[in-house]
Amino acid sequence: MRILVVDDEVELAEAVARGLRREGYAVDLAHDGHSALEKAALVPYDLVCLDLTMPDLDGLEVCERLRAEPPEGEPPRVLMLTARDT
């Protein structure tokens with residue numbers, strides 16, 4: 001399974017990626033919405049762990065674009081990560 005972790009907090013994204021790699025997953029990182037979309041256009045990810053709040057494109061916009069224009073075949077599953085309390 002190939003996973004893309006997207007978070008503008010670099011240390012948090014790297015910690016999530018380390019944990020997933022320890023479990024045997026192939027993990028790539030992106031630290032902003034534009035980079036996430038560029039990577040998703042090149043690699044068919046099974047799952048995107050996506051931060052909701054990012055400075056350029058927020059997670060909702062990235063998710064909408066991934067769903068609207070899936071790379072090859074089915075769009076990836078998306079798991080939203082957020083520190084929001086509502």
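Two strands pair if DSSP finds at least two bridges between them. Keep that in mind as we tour this structure, which is a predicted model.

Q: In what order do the four strands of the open sheet stand?
A: Let's build the sheet pair by pair. β1 and β2 pair over five bridges, four bridges join β1 to β3, and five bridges join β3 to β4. The pairing is parallel, and the order is β2-β1-β3-β4.

Q: Which strands stand at the edges of the sheet?
A: The order of the open sheet is β2-β1-β3-β4. An edge strand here has a single partner strand, so one side of it is left without a neighbour in the sheet. The strands in that position are β2 (26–30) and β4.

Q: By how many degrees are neighbouring strands of this sheet turned against each other on average?
A: The sheet has four strands with parallel pairing. Neighbouring strands are still turned against each other, and with direction ignored the average is 20°.

Q: Which residue in β4 is the bridge partner of V48?
A: V48 belongs to strand β3, where V48 and L50 lie on one side. Toward strand β1 (residues 2–6), which is joined to β3 by four bridges, V48 stands opposite L4. Toward strand β4 (residues 77–81), joined to β3 by five bridges, the bridge partner of V48 is V78.

Q: How many of the five residues of strand β3 are buried?
A: Look at both faces of the strand. L47, C49 and D51 on one side are buried, and so are V48 and L50 on the other. Strand β3 (residues 47–51) is therefore largely enclosed by the rest of the structure, and the number of its five residues that are buried is five.

Q: How many of the five residues of β1 are buried?
A: Strand β1 is joined to β3 by four bridges and pairs with β2 over five bridges. β1 is largely enclosed by the rest of the structure, because the number of its five residues that are buried is four.

Q: Which residue in β2 is the bridge partner of I3?
A: β1 and β2 pair in the parallel sense over five bridges. Going from I3 to its bridge partner in β2 brings you to V27.

Q: What angle does the direction of helix α1 make with that of β2?
A: Helix α1 (residues 10–22) packs on the sheet, where it touches β1 and β2. G19 is one of the residues of this helix, and G19 is partly exposed, with a relative accessible area of 23%. The angle between the direction of α1 and that of β2 is about 170°.

Q: What angle does the direction of α2 make with that of β2?
A: Helix α2 packs on the sheet and touches β1 and β2. Its direction and that of β2 make an angle of about 140°.

Q: Are α2 and α3 roughly parallel or roughly antiparallel to each other?
A: Helix α2 (residues 33–42) and helix α3 (residues 59–68) pack with their axes 10 Å apart, at an angle of about 20°. The contact is made by G33, A36, L37 and A40 of α2 and V62, R65 and L66 of α3. Angles under 35 degrees count as roughly parallel. The two helices are therefore roughly parallel.

Q: Is R65 buried or partly exposed?
A: R65 is found in helix α3. Not counting residues up to four places away in sequence, R65 touches L37 and L57. Buried means under 20% relative accessible area. With a relative accessible area of 35%, R65 is partly exposed.

How values were computed:
Residues numbered from 1 in each chain as written. Predicted model: local features only at pLDDT ≥ 70, side-chain atom pairs only at ≥ 80, totals over all residues. Heavy atoms only, no water. Buried < 20%, exposed > 50% of the residue type's maximum accessible area, 1.4 Å probe, protein only. Axes fitted to C-alpha atoms, helices over the stretch in contact; angles between N-to-C directions. Parallel < 35°, antiparallel > 145°, perpendicular 65-115°, else oblique. Contact = heavy atoms within 4.5 Å.
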